[in-house]
Amino acid sequence: MSRNKSFAAGLAFSLLLYGLAQPGRVYAASPTLSASADTGSVKAGDYVNINVDLSNNPDISTFGAALNYDSSVLQYDSSTWSGNFTESDMQMASDTGSEVNLSVVCDDSYSADGTVVTVRFQAVQDSDSIPVGLSLRDMADADLSEVADCAVAGTVSAPQTPQTPQTPPESDESDLVDTDNLEDTSEISIVDEQVQPDDPQKDDVPDTGNTDGTSTGQTGNYSNTSGSPQASAKSSRLDANYKTGNGLGSDWLLVGAAACGISAIVFGIRRSKK
């Protein structure tokens, strides 16, 4: 029994020493495969470059991936591989019309992080996006073991197209009035717009100023039932002797009759008193 306890204690102590002897051991992170475009939109005839990037490279010996694209918007142009590959490494790119197959076979291994290959497309029509996707077919490390934990970003990232800011219209400072300095408003002219009558001939008829409401100052618009606008207009005119006082002296018979009547009344009163 004591021997078993001694053996168990010795084993635990050995494992502890083993763990202390390797304090700097770090487990490698999983590799990541992604793709990015150098523009977010294209016009017909423009070129767009797609970079296929590998991070946390597990020292690959073989690699296979594909870029699928919308052939109604883009067409394949060319591929440029990383300069970190050696002359003995094999790189291949083949286009099927809607997909670009990318393959690498290394003589030894490839351990660099960053861009593995750049694929160039040309636009056949305008597009506000880059219709390209990424997929991984196979990957093996330096020991020819399959790398199964590689994370793949299937959507190709692209920079956002900057929007042109809306510039407000500039106001004309000459139309503004400075309320703090009213002296500057002396040069401002005010135009009084009057509505002109449709018929210029109506301005030739004077306003008679009649207070009985029979005339509006315009020809042919009277309430007189005689049917003669001219007669109504004449009846509203003043006597020519109004200002001279000679109007009463034009009828001597009327004045004489009035004087005789007054004399008769005075004579009758005096006679009745006697």
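This is a predicted model: local features need pLDDT of at least 70, side-chain atom pairs count only at pLDDT 80 or more; totals for chains, interfaces and linings use all residues.
Colleague: How many aromatic pairs does a search of the whole structure find?
Modeller: The search finds 4 aromatic pairs.

Colleague: What makes Tyr76 and Phe121 an aromatic pair, and why is the pair called edge-to-face?
Modeller: Their centres are 6.3 Å apart, and rings pair if the centres lie within 6.5 Å. The planes are at 75°; over 60 degrees counts as edge-to-face, so the label applies.

Colleague: Which parts of the chain does the pair link?
Modeller: Tyr76 is in strand S4 (residues 74–81) and Phe121 in strand S7 (residues 114–123), 45 residues apart. Tyr76 and Phe121 also form one aromatic cluster with Tyr69.

Colleague: Why is Phe121 called buried, and Tyr76 partly exposed?
Modeller: Buried means under 20% relative accessible area, and exposed over 50%. Phe121 has 0%, so it is buried. Tyr76 has 22%, which falls in between, so it is partly exposed.

Colleague: How do you know that Phe85 and Tyr110 are stacked?
Modeller: The ring centres are 4.0 Å apart and the planes are at 10°. Planes under 30 degrees apart count as stacked, so the pair qualifies. Phe85 lies in the loop between S4 and strand S5 (90–95), and Tyr110 in strand S6 (residues 99–110), so the pair ties together parts 25 residues apart in sequence.

Colleague: Are Phe85 and Tyr110 buried or exposed?
Modeller: Phe85 has a relative accessible area of 9% and Tyr110 has 3%. The cut-off is under 20%, so both residues count as buried.

Key: Residues are numbered from 1 along each chain as its sequence is written. Side-chain values use heavy atoms; hydrogens and water are left out. Rings of Phe, Tyr and Trp (its six-membered ring) pair if their centres lie within 6.5 Å; planes under 30 degrees apart count as stacked, over 60 as edge-to-face and the rest as tilted. Helices (H or I, at least four residues) and strands (E, at least two) are DSSP runs, numbered from the N terminus. Buried means under 20% relative accessible area, exposed over 50%, partly exposed in between (1.4 Å probe, protein chains only).
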